[in-house]
Amino acid sequence: MNITQKTTAELTLQLTLQVVENDYIEEVNKALTKYRKQASIPGFRAGKVPVGVIKKMYGESITADVVSNIIGNELDKYLAKEKISYLGQPLPDNVNQTPLDFKNGKEFTFVYYLGLKPEINFELDNSIDVTLTNIMSDEEDVEKYITEMRTKLGTQSNPEIVSEADVVIGSMAELNDDGTPKENGITIEKTSISIDLIKVKTIKSKFIGAKVADIVVFNPSKAFKNDTEIGSLLGIGKEKAKEVTGDFSFTIAEVSHIEMAEMNEEFFAKVYEGATITTEEELRAKISEDIERTFKAESERKFFNDMINAIIKKTDLSLPDDFLKSWIIESNMRETEDKHIPIEELEKQYDSYRDSLRWQLLEEYFVVNNDLIVTEQELRDRVKEILGLQAFGGDLDANKDILDQVTESVMQNKEEVKRVSDQIIEQKLTKFFKEKSNPAEVNVRYDDFVEMIRKENEAAA
């Protein structure tokens with residue numbers, strides 16, 4: 001078989017494969033012989049069908065199958081031998097491919113084209129302008145978490161009178177301007193209100209001190225800060241909640257009160273099982289440490305994503321776009337039973353796909369060229385660490401034999417191994433990016449960080 005290549009455009013290669021009879025005739029004859037032994041044709045004894053009959057009936061399809069298999073194998077060998085780095089898979093060149101006659105032909109010419117990977121030569125340095133945003137914990141964050149845990153671990157009761165921290169459960173009905181029930185208005189048989197979420201003091205005061213069976217009249221659009229809360233309260237959804245402007249009656253059926261857990265060693269032990277915490281100061285220090293750890297993960301994830309975007313923009317890797325679009329269409333047809341992805345949809349999604357592919361290539365470049373490859377031992381150690389945290393609170397020596405067995409089991413799960421491997425690579429790359437780019441750092445509170453992310457997402461949308 002003769003294979004030749006020709007560059008047809010930037011990062012696009014055309015391959016021409018010329019197949020002569022000697023390349024495939026032996027395999028075709030073997031297949032015909034096999035068919036002859038197995039064929040059951042009326043008028044002939046089993047296994048005694050003449051070769052000429054078999055060839056006439058099946059020769060064309062057998063030749064096509066054999067030649068197709070040979071083409072696939074030889075193409076793979078050629079790409080490996082020539083060390084051609086390509087994207088996706090080679091595609092038939094339908095423009096330059098001449099019709100193939102497997103019934104009468106002896107020699108066949110196949111034409112393929114493929115997209116090549118771009119050459120990457122990029123040195124990461126501090127010219128990449130990305131800021132590392134450090135999220136700082138404060139007493140307000142610690143106090144908020146303690147309150148949440150004291151509430152969660154507190155004692156629930158059902159008093160007759162509503163107090164500020166209670167939840168009231170009851171029914172609601174929309175009212176006319178004169179206070180009468182509105183015909184065909186919004187009604188809900190059972191809903192609940194957390195008194196501390198009511199933003200208007202005058203409305204909140206209507207509930208505080210009220211009793212079971214009392215009716216409180218109020219305006220939900222004034223009591224709550226957004227349409228999502230109003231829609232949830234009335235069971236009508238966010239969009240319909242925008243139309244709510246008038247008063248509703250709320251008939252109190254039940255009051256739920258949580259007596260917050262006391263700040264003592266029993267409470268400390270429930271918040272951090274297995275840890276020895278004896279004072280409130282120790283608890284606050286531990287909570288602050290955990291919050292900072294969580295914040296650090298979010299901060300580094302943002303830095304990592306920002307670096308990806310900045311590097312993609314700066315490198316602006318060229319890709320064989322026309323080839324990739326064709327390959328996406330062909331791949332989609334194989335996955336969805338010969339259904340073409342609409343070209344309009346492909347064009348809308350292509351930029352996102354292209355940037356994703358650019359990052360895959362850049363990530364591979366950084367990992368390979370900076371010795372950031374994840375070893376099997378690193379994977380095993382990380383899996384064991386994760387399992388140890390989940391099952392034994394981080395004590396890897398506890399139940400070591402069980403931990404080793406479960407680790408080995410997880411290591412056989414390819415999807416889980418890839419997930420853990422991706423985590424390790426992200427951490428390695430984040431550290432590498434910090435060292436090479438020497439980013440400027442800024443400290444913000446968590447609420448400010450969330451607002452920053454919200455604005456960035458809005459701008460991107």
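Colleague: Before we start, what should I know about the model and the numbering?
Modeller: The model is predicted, so local features need pLDDT of at least 70 and side-chain atom pairs count only at pLDDT 80 or more, while totals for chains, interfaces and linings use all residues. Residues are numbered from 1 along each chain as its sequence is written, and side-chain values use heavy atoms, with hydrogens and water left out.

Colleague: OK, how many aromatic pairs are there?
Modeller: The count comes to 19 aromatic pairs, where rings of Phe, Tyr and Trp (its six-membered ring) pair if their centres lie within 6.5 Å, and planes under 30 degrees apart count as stacked, over 60 as edge-to-face and the rest as tilted. In one of them, the ring centres of Tyr 350 and Tyr 353 are 6.3 Å apart and the planes are at 40°, so this pair is tilted.

Colleague: Where do Tyr 350 and Tyr 353 lie?
Modeller: Both are in helix 11 (residues 343-369), three residues apart, which is about one turn of the helix; helices here are DSSP runs (H or I, at least four residues), numbered from the N terminus.

Colleague: And is Tyr 350 buried or exposed?
Modeller: Tyr 350 counts as buried because its relative accessibility is 3%, whereas Tyr 353, at 29%, counts as partly exposed. Buried means under 20% relative accessible area, exposed over 50%, and partly exposed in between (1.4 Å probe, protein chains only).

Colleague: What about Phe 366 and Phe 433?
Modeller: They form an edge-to-face pair, with 5.8 Å centre to centre and 80° between the planes. Phe 366 lies in helix 11 and Phe 433 in helix 14 (residues 414-437), so the pair ties together parts that are 67 residues apart in sequence. Phe 366 is buried with a relative accessible area of 1%, and Phe 433 is buried with 0%.

Colleague: Switching topic, what does Lys 204 touch?
Modeller: Leaving out residues up to four places away in sequence, Lys 204 touches Glu 164, Ile 195, Asp 196 and Ile 198, where contact means heavy atoms within 4.5 Å. Lys 204 is in helix 4 (residues 201-207) and counts as buried at 14% relative accessibility.

Colleague: Last one, at what angle do helix 3 and helix 9 pack?
Modeller: Helix 3 (residues 139-152) and helix 9 (residues 280-315) pack at about 105°, with their axes 10 Å apart; axes are lines fitted to C-alpha atoms, for helices over the stretch in contact, and angles run from 0 to 180 degrees between N-to-C directions. That makes helix 3 roughly perpendicular to helix 9, a term for angles of 65 to 115 degrees, with those under 35 roughly parallel, those over 145 roughly antiparallel and the rest oblique.

Definitions and conventions. Helices (H or I, at least four residues) and strands (E, at least two) are DSSP runs, numbered from the N terminus.
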